[in-house]
Amino acid sequence: MMVLILGAGQLARMLYLESVQLGIEVLAYDVSSSKVVDPVTREPLKWTLREAMDASDVVTVEFEHIDEELLQLAADRGKLRPSKEAILVGGDRVTEKNLLSRLDIPNCRYEVITELDGLTAISERLGSELIVKTSKGGYDGKGQWALNGAADVMRLQETLKQFDLAANPLVVEKKAIFTREVSIIGARSLAGEVAIYALTENIHHDGQLQVAVAPAVGITAGQREQLCRMFERISDALNYVGILAIETFQVGDEFVVNELAPRVHNSGHWTQNGADTSQFEQHMRAILGFPLGATVAAPVAVMVNIIGCASFSRKMLGIPGCHMHWYGKQVRAKRKMGHFNITAPSVHDMADKLTQLQATLPSEHFPKLELAISRLQGN
Ligand code: ADP
Ligand code: MG
């Protein structure tokens, strides 16, 4: 069996690594070079895109910002999973907001604009604290601006002067006041069966995920139930197949959807070492029509992103339950280079392990470890 992944970054690489165990061949398509490549070495292979699509049983994606024509090529062959519609929902914030409204699922108050002049009037309706997001192409906090007041509005109008808002409108959201960010990740099979992982608390810095803790500390059975129902309603509405991630903001006892990711997700990387079946294997199982695997998880699992740094000792590997996953990329500021996964029998034990981890790392590159430790200590 063979799967072609559109996109050739670390998610394609990790999907490949877990597919080998299932006896599945994997090719990746690098959208920036327009070449079919090896998902691990990223060396070009002797396949054209069409040959690779024809030879594959299933075509899937590792990110949602893929040209619609490319998705259509795979859809025309009846091979695209999840569907083109589901991928486009994740790749376009306007389509995403429309889906959430249609399903009556809570999300941040927003307005869509195609003229920069509209920004001033919006602040009068939604308040001065706004998050402006491009509808297409944004990720890791890119294509996104926080505004607070008239001076910020004017500055952004200047920055975006040349921007084609007709082709890529702006979604202007009211800034949410939340206690924390929680994601729900699960798989839906071809038959409509759903398997959901432990809910994950996500700690960000500068719009980028730094640390993920599963299960989110103190989550109640009622809150989990609420999020699982939401997951089922969204994934059923899309007739979804594969791993779907939903990012939310927790406000009191309620959850407000921030965005959907129609793919394996950074906040689910802990499942590689913390769950019976990792999100990568689960995605492959789902899209190939295999039975879904168990999602039973370690009592506590944490993922720590390694961002913008590549040189540190490997001493942390001596911490019981600590694993490293490296993506093999050239180091650049703000670039995700790899991650650590750690499992522990209790939150206290995890706090100790993270404290040990912190001592082995250059602290300037891990600005949120301290906060994660104090969360686990119940502060
Ligand atoms: P990306 O596609 O870059 O992940 P997101 O919409 O998830 O974009 O935004 C990145 C981060 O920015 C979020 O995880 C959250 O921390 C912050 N953020 C985004 N939208 C809002 C909002 N409306 N209110 C408050 N914080 C927000
Ligand atoms: Mg996000």
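The shell around ligand 1 holds six nonpolar, six polar and nine charged residues (Ala, Val, Leu, Ile, Met, Phe, Trp, Tyr, Cys and Pro count as nonpolar, Asp, Glu, Lys and Arg as charged, the others, Gly among them, as polar). A quick note: this is a predicted model, where local features need pLDDT of at least 70, side-chain atom pairs count only at pLDDT 80 or more, and totals for chains, interfaces and linings use all residues. Residues are numbered from 1 along each chain as its sequence is written, ligands are numbered from 1 and chains lettered from A in written order, and side-chain values use heavy atoms, without hydrogens and water.

**Exercise 1.** Work out which residues are closest to ligand 1.

*Solution.* 
- Start with the 21 surrounding residues (a heavy atom within 4 Å); the closest are Lys-133, Gly-141, Glu-173, Ala-176 and Glu-181.
- Now look for polar contacts to the ligand (N or O pairs within 3.5 Å): a backbone N or O atom of Ala-176 sits 2.8 Å from a ligand 1 nitrogen, and a polar side-chain atom of Asn-258 is 2.8 Å from a ligand 1 oxygen.
- Finish with area (Shrake-Rupley, 1.4 Å probe): ligand 1 alone exposes 550 Å², and the protein buries 90% of that.

**Exercise 2.** Find the strand order of the open four-strand sheet.

*Solution.* 
- Take strands as DSSP E runs of at least two residues, numbered from the N terminus, paired if DSSP finds at least two bridges.
- The order comes out as E5-E8-E6-E7, antiparallel.
- E5 (110–113) and E7 (144–148) have a single partner strand each, so one side of each lacks a neighbour in the sheet.
- Check one pair: E5 and E8 (170–174) share four bridges, and Tyr-110 has Glu-173 as its bridge partner in E8.

Methods:
Polar contact = N/O pair within 3.5 Å; in protein donor to acceptor, adjacent residues only side chain to side chain.
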